[in-house]
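Dear colleague,

Please find below the structure that I am handing over to you. My findings follow directly after it, and I would be grateful if you read them with the structure open.

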Amino acid sequence: MPASTMKARANLSAPASIRQRIDKWLWAARFYKTRSLAVQAVDAGHVRVDGERVKPAHDLRVGERVSVRRSGFAWEVEVTALSDRRGGAADAALLYRETAQSLEARTEALQQRKAALAAEPRWSGRPAKRDRRKLSDFLNEP
């Protein structure tokens, strides 16, 4: 086993850390960039544990289900480990396991977003001189 994998697993849940604050776990699992953003999301009700609203100081345990809504997407994950440190994305991926329904719903929502963006016109600001000429030629046709 590579040393980086062993090191990452050593930083995950140790026997002494059976519980962890939800805001700290959300930060370590890289759902939010800062702990204060995680606290704001929990207070706003964007994060639920086992379907119920919680406070930022809620003690999270391994095996609990966490629902996170962020920027139009929803994650439904099961906590697999706890960590006091915020590591890289590979380390954060070891902290949870996303449900199949959640993954399917997120990919569908992403496809809908991409389709909506493709349907929007791509003009940004005022037309250029060439575009204005084309438009006036089009409008002035007999």
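Strands β5 and β6 form a hairpin with two residues between them. In the turn, Ser-71 has a positive phi of about 50°. Please note that this is a predicted model. Strand β5 covers residues 65-70, and its pairing with β6 is antiparallel, with six bridges. Within this pairing, Arg-69 has Ala-74 of β6 as its bridge partner.

Strand β6 spans residues 73-79 and has two faces. Phe-73, Trp-75, Val-77 and Val-79 make up the covered face, while Ala-74, Glu-76 and Glu-78 make up the uncovered one. Strand β6 is also joined to β7 (residues 96-98) by three bridges, and these two strands run antiparallel. Here Val-79 stands opposite Tyr-96 of β7.

The loop between β6 and α4 (89-93) contains Ser-83. Is Ser-83 buried or exposed? Its relative accessibility is 5%, so Ser-83 counts as buried, the cut-off for buried being under 20%. A polar atom of the Ser-83 side chain lies 3.0 Å from the backbone oxygen of Arg-85.

Finally, I turn to the surface. Leu-135, Phe-138 and Leu-139 make a nonpolar surface patch of about 350 Å². Of these, Leu-139 belongs to helix α6, which comprises residues 129-139. Leu-139 counts as exposed because its relative accessibility is 59%, and exposed means over 50%.

Yours sincerely,
A colleague

Methods. Residues are numbered from 1 along each chain as its sequence is written. This is a predicted model: local features need pLDDT of at least 70, side-chain atom pairs count only at pLDDT 80 or more; totals for chains, interfaces and linings use all residues. Side-chain values use heavy atoms; hydrogens and water are left out. Patches are made of residues with over 30% relative accessible area and no salt bridge: like charges are joined within 9 Å, nonpolar side chains (Val, Leu, Ile, Met, Phe, Trp, Tyr) within 5 Å. Accessible areas come from the Shrake-Rupley method with a 1.4 Å probe; for residues, only the protein chains shown count as cover. A salt bridge is a side-chain nitrogen of Lys or Arg within 4 Å of a carboxyl oxygen of Asp or Glu. Helices (H or I, at least four residues) and strands (E, at least two) are DSSP runs, numbered from the N terminus. Buried means under 20% relative accessible area, exposed over 50%, partly exposed in between (1.4 Å probe, protein chains only). Two strands pair if DSSP finds at least two bridges between them. A polar contact is a pair of N or O atoms within 3.5 Å; within protein, one must be able to donate a hydrogen and the other to accept it, and residues adjacent in sequence count only if both atoms are side-chain atoms.
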